[in-house]
Amino acid sequence: MTTVDTASIEQTAARAALAVPGVQELQPSLRHSLADAATYIRRTFGSRTPFPEAGIHARHMSETDAWHLVVRCAVNDHRRALDTARDVRESVQTVVSSQLKARGRPASVTIVVTVTRITGDQAPLHLCADL
């Protein structure tokens, strides 16, 4: 039986969540946002995009050998947010369970999806209006 690290689970979950139609981006949690702010000085302008797995928080409960994942995502308004959230939950559940089984660690996996923002198509800003 091989061990499974939390970062690997978070990366797998991030890829699965971002592949769901309607997911705009994964929203970093407060702890990731604060860490990003602390290192902002070292970053150049234009490279502030957080890692996708910053929107995933995985926790392994060793006493029950269960995994609990929280997925925070911004979705677009092309689909109902509820449908997108359900698809994210199913997709992440499937890939994380597969990863654990492939490594000989079948475990219970609980997924909680939080929609942090719904974005619409943004019309271009017009500085002059034709009258």
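This is a predicted model: local features need pLDDT of at least 70, side-chain atom pairs count only at pLDDT 80 or more; totals for chains, interfaces and linings use all residues.
Trainee: In what order do the elements of the chain run from the N terminus?

Mentor: Helices (H or I, at least four residues) and strands (E, at least two) are DSSP runs, numbered from the N terminus. The chain has three helices and four strands. From the N terminus on, their order is α-β-α-β-β-α-β.

Trainee: What share of the residues of the chain counts as buried?

Mentor: Buried means under 20% relative accessible area, exposed over 50%, and partly exposed in between, with a 1.4 Å probe and protein chains only. The accessible surface, from the Shrake-Rupley method with a 1.4 Å probe and, for residues, only the protein chains shown as cover, comes to about 8500 Å² for the chain, and 56% of that belongs to carbon and sulfur atoms. Of the 131 residues, the buried share is 33%.

Trainee: Among contacts between residues at least 6 apart in sequence, what percentage joins residues at least 24 apart?

Mentor: Contact means heavy atoms within 4.5 Å. Of the contacts in the chain between residues at least 6 apart, those joining residues at least 24 apart make up 76%.

Trainee: Which residues touch the most other members of the largest nonpolar core?

Mentor: In soluble globular proteins, nonpolar side chains tend to be buried together. A nonpolar core is a set of buried Ala, Val, Leu, Ile, Met, Phe, Trp, Tyr and Cys residues joined through side-chain atoms within 4.5 Å. In the largest such core, of 21 residues, the members touching the most others are L26, L69, V71, V92 and V96.

Trainee: Which elements each supply at least two residues of this core?

Mentor: Two helices are listed, helix 1 (6-18) and helix 3 (81-102). The strands listed with them are strand 1, strand 2 (56-61), strand 3 (66-76) and strand 4.

Trainee: How far apart in space are A58 and L69, C-alpha to C-alpha?

Mentor: A58 lies in strand 2 and is buried because its relative accessible area is 6%. Beyond neighbours within four places in sequence, L69 is in contact with residues including I9, A58, V92 and I111, while the contacts of A58 include T6, I9 and W67. A58 and L69 are eleven residues apart in sequence, and their C-alpha separation is 4.4 Å.

Trainee: Which residue stands opposite H57 in strand 3?

Mentor: Two strands pair if DSSP finds at least two bridges between them. Strand 2 and strand 3 pair in the antiparallel sense over six bridges. Within strand 3, the residue opposite H57 is V70.

Trainee: Which residue in the hairpin of strand 2 and strand 3 takes a positive phi?

Mentor: The hairpin has four residues between the strands.

Trainee: What length does helix 1 reach from its first C-alpha to its last?

Mentor: The expected span of a helix is 1.5 Å times one less than its number of residues. Helix 1 has 13 residues, and the expected 18 Å is close to its reach of 18 Å.

Trainee: How many residues apart are E25 and R117, which meet in a salt bridge?

Mentor: A salt bridge is a side-chain nitrogen of Lys or Arg within 4 Å of a carboxyl oxygen of Asp or Glu, and the structure holds four. E25 and R117 meet at 2.3 Å, N to O. The pair links strand 1 (residues 23-26) with strand 4 (residues 109-119), and the separation is 92 residues.

Trainee: Which residue forms a salt bridge with R79?

Mentor: R79 is partly exposed, at a relative accessible area of 28%. The closest N and O atoms are 2.5 Å apart, and the partner of R79 is D87.

Methods:
Residues are numbered from 1 along each chain as its sequence is written. Side-chain values use heavy atoms; hydrogens and water are left out.
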